[in-house]
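Please open the model in a viewer and keep the selection panel at hand. The stops below are given in the order in which they may be selected.

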Amino acid sequence: MEERLQKILATAGLCSRRKAEEYILKGRVAVDGKIVTEMGLKIDPVKHTITVDNQPLKKSKKKIYLLLNKPAGYVTTLSDPQGRPIVTSLIKNISERVFPVGRLDFETEGALLLTNDGDLAQKILHPKFEIRKTYLVLVAGRVTREKIDSLEKGVMLNGKKTWPAKIEVIETTAKSSKLKIIIHEGRKRQVRRMCAAIGHTVTYLKRIAYGQLNLGNLPLGKTRLLTKADLQKLFS
């Protein structure tokens, strides 16, 4: 049966559908030895040979869902041209290939989902599902109520206003403020840029939850397998 190439890549557990589209546009995907860069091509994976970076596409046999407490100093990619540590190097005792769902900045800690289920990854990343992400944030300086209101209503980032956020002030001093920020968007370095937009530099950032799925007491650098009940918490 013919399916869109990006869906085939995602279903095989290589990456999310969004990332698969990037692979295609960058000329990293070939069908029967011919590089494909057009979007929306439909093929039958049984009849055609698909390669990514000259490696045959292998379909994952088992769906894996992991929650990682990412340390700072790791990139959320499957490879890095600068030679920095990658998050998948932290995965132990898992034979299936998994990929990170979305990203966390190099210097950011906390909850990161990894899976080989491209369809679930697409659902988590798609804006219409509004998966809430909760962050613990430490910024330099005292954050005023006026600035909190600005964040909650939305601030301009590159000419586009952020969606409303939920902000809780946990602690504040003359030198710093500790906040809990809940958003459902996934723009690049969004929390850091939001804080910069109100004049405060982030000195520490950690994602502590997706939806109702909390990081809990998972040790830094460790993972745990997610259950069906855990996955349901993502959308609650």
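How many cavities of 30 Å³ or more does a search of the whole structure find? The search finds one. This is a predicted model, in which local features need pLDDT of at least 70 and side-chain atom pairs count only at pLDDT 80 or more, while totals for chains, interfaces and linings use all residues. Residues are numbered from 1 along each chain as its sequence is written, and side-chain values use heavy atoms, with hydrogens and water left out.

**First stop: the cavity**

Select Tyr65, Leu66, Val101, Leu113, Leu114, Thr115, Leu120, Ile124, Leu226, Leu231 and Leu234, which line the largest cavity. The elements giving two or more residues to this lining are strand 7 (65-70), strand 9 (109-115), helix 3 (118-125) and helix 6 (228-234). Helices (H or I, at least four residues) and strands (E, at least two) are DSSP runs, numbered from the N terminus. Strand 9 gives the most, with three residues. The volume of the largest cavity is about 40 Å³. On a 1 Å grid over the protein atoms alone, a cavity is a set of points where a 1.4 Å probe fits but cannot get out; a pocket is an open set with protein on both sides within 12 Å along at least five of seven lines; lining residues have an atom within 4 Å of a point. A volume is the space filled by probe spheres set on the points, which are joined across faces, edges and corners.

**Second stop: a pocket**

Next, select Glu3, Ile8, Thr11, Ala12, Pro45, His48, Ile50, Leu57, Lys58 and Lys59, the lining of the second largest pocket. Its volume is about 190 Å³.

Move to glutamine 6, placed in helix 1 (residues 5-11). Glutamine 6 counts as buried because its relative accessibility is 6%, where buried means under 20% relative accessible area, exposed over 50%, and partly exposed in between (1.4 Å probe, protein chains only). Leaving aside residues up to four places away in sequence, glutamine 6 touches Arg17, Ala20, Glu21, Ile24, Met39 and Gly40; contact means heavy atoms within 4.5 Å.

**Last stop: strand 14**

Finally, display strand 14 (residues 176-183), which pairs with strand 10 (residues 133-140) in the antiparallel sense over eight bridges. Two strands pair if DSSP finds at least two bridges between them. Lysine 133 has isoleucine 183 in strand 14 as its bridge partner. Strand 13 (residues 166-172) also runs antiparallel to strand 14, joined by six bridges. Here valine 169 stands opposite leucine 179. Three residues lie between strand 13 and strand 14, which form a hairpin.
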